[in-house]
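Please keep the sequence and the structure in view while reading.

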Amino acid sequence: MTAFGPPQSVATCRHGGRAEVDTTPARGPKTRRLPREERRKQLLDAAHQVFVAHGYHGAAMDEIADVALVSKPVLYQHFPGKRELYLALLDAHLESLTALMLAAIGSTTDNKLRVQATIRAYFEFISQDSQAHRLVFESDLMNDPEVSARLEAFNAKFASAIADVIAEDTKLPRPQALLLGRALAGMAQVSARYWLELEEHVDLDDASELVSRLAWRGIGRFPKEP
């Protein structure tokens, strides 16, 4: 699981409108040799910051290379283009989010606590200073078939994991359990994203608790198999 965050020379702001990011490259040499995986992470870190600041269409490979303190040929050695960089970042962020969700679902056998843990995991992902959620849920590349396919695969996997628990607990038919799984996943995502606008008034603990209580009052009322 890989997490990408801002280098020390980059400042981000999560509140309101377009993120404010200083992508001015730090002073220093541009040609230090690094192991391939370390260089790849450096390039992805830089690309993350530029994409968050400018969106996919506003980002430029020149700026990504400058922020990473490498030459453009070095950048192109690892990624053929901007699209490949974005897809690699999206894959990494979805991998991280999937791990958070599955860990929350598997953290307990108490379904009420499961709901709480799952909702909270979504809020924690949304609240990250790296603003990874902007690339996952607010990208200006949403209509791209490869991007939408990756997001649908994540949503389907998450909803299916929830549906497994619901079906086992209530003995509802699989299609009905899947519908409820999608509904719960959608509630978590939409409420967590909206919460960012209210963060100064409702802290993360209170927000995730409110939403988990709402979700549990619905899910918890389905009858269990005698």
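In what order do the elements of the chain run from the N terminus on? They run α-α-α-α-α-α-α-α-α. The count is nine helices and zero strands. The model is a predicted one, and the values that follow are computed from it.

Some totals for the chain come before the details. The chain has 226 residues, and buried residues make up 46% of them. Its accessible surface comes to about 12,000 Å². Carbon and sulfur atoms account for 53% of that surface. Among contacts in the chain with a separation of 6 or more, 69% are between residues 24 or more positions apart.

Start with H7, residues 145-170, and H8, residues 174-195. Their axes come within 7 Å and cross at roughly 120 degrees. Angles of 65 to 115 degrees would count as roughly perpendicular and those over 145 as roughly antiparallel, so H7 is oblique to H8. The crossing of H7 past H8 is right-handed. On the H7 side, the residues in contact are Glu152, Asn155, Ala156, Phe158, Ala159, Ser160, Ile162, Ala163, Asp164, Ile166 and Ala167. On the H8 side, they are Arg174, Ala177, Leu178, Leu180, Gly181, Arg182, Leu184, Ala185 and Gln189. By class, this contact of H7 with H8 holds 12 nonpolar, four polar and four charged residues.

Two residues of this contact can be examined one at a time. Ala163 is part of helix H7. Is Ala163 buried or exposed? With a relative accessibility of 0%, Ala163 counts as buried, because the cut-off for buried is under 20%. Leaving aside residues up to four places away in sequence, Ala163 touches Arg174, Ala177, Leu178 and Gly181. Ala163 and Leu180 are 17 residues apart along the chain, and their C-alpha atoms are separated by 6.9 Å.

Arg174 belongs to helix H8. Its relative accessibility is 33%, so Arg174 counts as partly exposed. Which residues does Arg174 touch, not counting those up to four places away in sequence? They are Ser160, Ala163 and Asp164. The C-alpha atoms of Arg174 and Ala163 are 7.4 Å apart, and the two residues are 11 apart in sequence.

Helix H5, residues 111-127, also packs with H8. The angle here is about 35 degrees, with the axes 9 Å apart. H5 passes H8 in a right-handed crossing. From H5, the contact takes in Ile119, Tyr122, Phe123, Ile126 and Ser127. These meet Leu184, Ala185, Ala188, Gln189, Ser191, Ala192, Arg193 and Trp195 in H8. The residues of the contact of H5 with H8 divide into nine nonpolar, three polar and one charged. Leu184, Ala185 and Gln189 of H8 are also listed in the contact with H7.

What remains of this group is the pair H5 and H7. At what angle do the axes of H5 and H7 cross? They cross at roughly 165 degrees and come within 12 Å. Angles over 145 degrees count as roughly antiparallel, and H5 and H7 therefore fall into that class. Here the crossing is left-handed. H5 contributes Asn111, Arg114, Thr118 and Tyr122 to the contact, and H7 contributes Phe154, Phe158, Val165 and Asp169. The contact of H5 with H7 has four nonpolar, two polar and two charged residues. Tyr122 of H5 is also named in the contact with H8, and Phe158 of H7 is likewise named in the contact with H8.

Two loop residues complete the walk through the chain. Leu69 lies in the loop between helix H2 (61-68) and helix H3 (72-78). Its phi is near 60 degrees, a positive value in a residue other than glycine. Gln131 is found in the loop between H5 and helix H6 (132-137). Gln131 is not a glycine either, and its phi is positive, at about 60 degrees. Where does Gln131 stand on accessibility, buried or exposed? Its relative accessible area is 1%, so Gln131 is buried.

How values were computed: Residues numbered from 1 in each chain as written. Predicted model: local features only at pLDDT ≥ 70, side-chain atom pairs only at ≥ 80, totals over all residues. Heavy atoms only, no water. Axes fitted to C-alpha atoms, helices over the stretch in contact; angles between N-to-C directions. Helix = DSSP H or I, 4+ residues; strand = E, 2+ residues; numbered from the N terminus. Parallel < 35°, antiparallel > 145°, perpendicular 65-115°, else oblique. Left-handed = near helix turned anticlockwise from the far one by under 90°. Contact = heavy atoms within 4.5 Å. Nonpolar A, V, L, I, M, F, W, Y, C, P; charged D, E, K, R; others polar. Buried < 20%, exposed > 50% of the residue type's maximum accessible area, 1.4 Å probe, protein only. Areas by Shrake-Rupley, 256 points an atom, 1.4 Å probe, with all protein chains shown as cover.
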